[in-house]
Structures are given as C-alpha cells and as structure tokens.
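My notes follow as numbered points, to be read alongside the model.

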Amino acid sequence: RVGYGEGVDLTTIGPTMNVARWLDRVAKENAFQIVVTEEVAARAGWSSDAHKRIDVVEPVTLNPMALVGIGRGRDLPASILSRSKG
C-alpha cells in the first residue's frame, strides 16, 4: 500500500516490476503480443523454433538473455492453448 488516508493505493514496485515493464517495452518495439524468456518457453513444453528469438541484455542486471517473441496469442502451440481451456 502506498499513500496515506483516502489516498492509499495498492501497487507493486521493485525488480520484478522493472523486468515486467522492460519485457512489455521489448514486445511493443518488436510488435509482439507476448514475450517470454527461452527458459519459460522450454518449461511450458514448446520449442521456440517457430517464433522469433531475440538476444538482449537485461538492463538492470546487464545479463544476456534469450527472449522469444510471439506475434499473436493464437500463434501459441496447440498444446499450450488446449491446456488453458481446461
């Protein structure tokens, strides 16, 4: 909670939000609806081969990171989409 009295808002701050904001910017700059790390794609059980890989440097830690960009959510593999319906 941030603020005082009636001006209190619930918000999030910190490194996680910084990375989320950065990923959102990467998605917008590259016209993607979804951007995930290659590690997240692998954990979800799908290959990033069908999607665009972007090699970047994460701006807070300066660590190299491989991202996967998906142009449209409906372009996700059928195995991922079918799991979300159940």
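1. T37 touches M65, A66 and L67, leaving aside residues up to four places away in sequence; contact here means heavy atoms within 4.5 Å. T37 lies in strand β1 (residues 34–37) and is buried, with a relative accessible area of 19%. For accessibility, buried is under 20% relative accessible area, exposed is over 50%, and partly exposed is in between (1.4 Å probe, protein chains only). The T37 side chain also reaches the backbone nitrogen of V40 at 3.1 Å.

2. A word on the basis: this is a predicted model, where local features need pLDDT of at least 70, side-chain atom pairs count only at pLDDT 80 or more, and totals for chains, interfaces and linings use all residues. Numbering runs from 1 along each chain as its sequence is written, and side-chain values use heavy atoms, with hydrogens and water left out.

3. Along the sequence the pattern is α-β-α-β-β-α, giving three helices and three strands. These are DSSP runs numbered from the N terminus: helices are H or I with at least four residues, strands E with at least two.

4. The three strands form an open sheet in the order β1-β3-β2, with antiparallel pairing; strands pair if DSSP finds at least two bridges between them. The edge strands, β1 and β2 (52–57), each pair on one side only. From one strand to the next, the twist averages 35°. Helix α1 (residues 15–29) packs on the sheet and touches β1, β2 and β3, its direction making about 55° with that of β3. Axes are lines fitted to C-alpha atoms, for helices over the stretch in contact, with angles from 0 to 180 degrees between N-to-C directions.

5. β1 and strand β3 (residues 64–70) pair over four bridges, and I34 stands opposite I70 in β3.

6. How many salt bridges are there? The count comes to five, taking a side-chain nitrogen of Lys or Arg within 4 Å of a carboxyl oxygen of Asp or Glu. In helix α1, K28 and D24 are four residues apart, about one helical turn, and their closest N and O atoms are 3.3 Å apart. K28 is exposed at 63%, whereas D24 is partly exposed at 39%.

7. R43 and E39 also form a salt bridge, at 3.1 Å from N to O, and both lie in helix α2 (residues 38–44). D55 and R53 meet at 2.7 Å, N to O. Shared partners join E38, R53 and D55 into one network of salt bridges.

Conventions: Polar contact = N/O pair within 3.5 Å; in protein donor to acceptor, adjacent residues only side chain to side chain.
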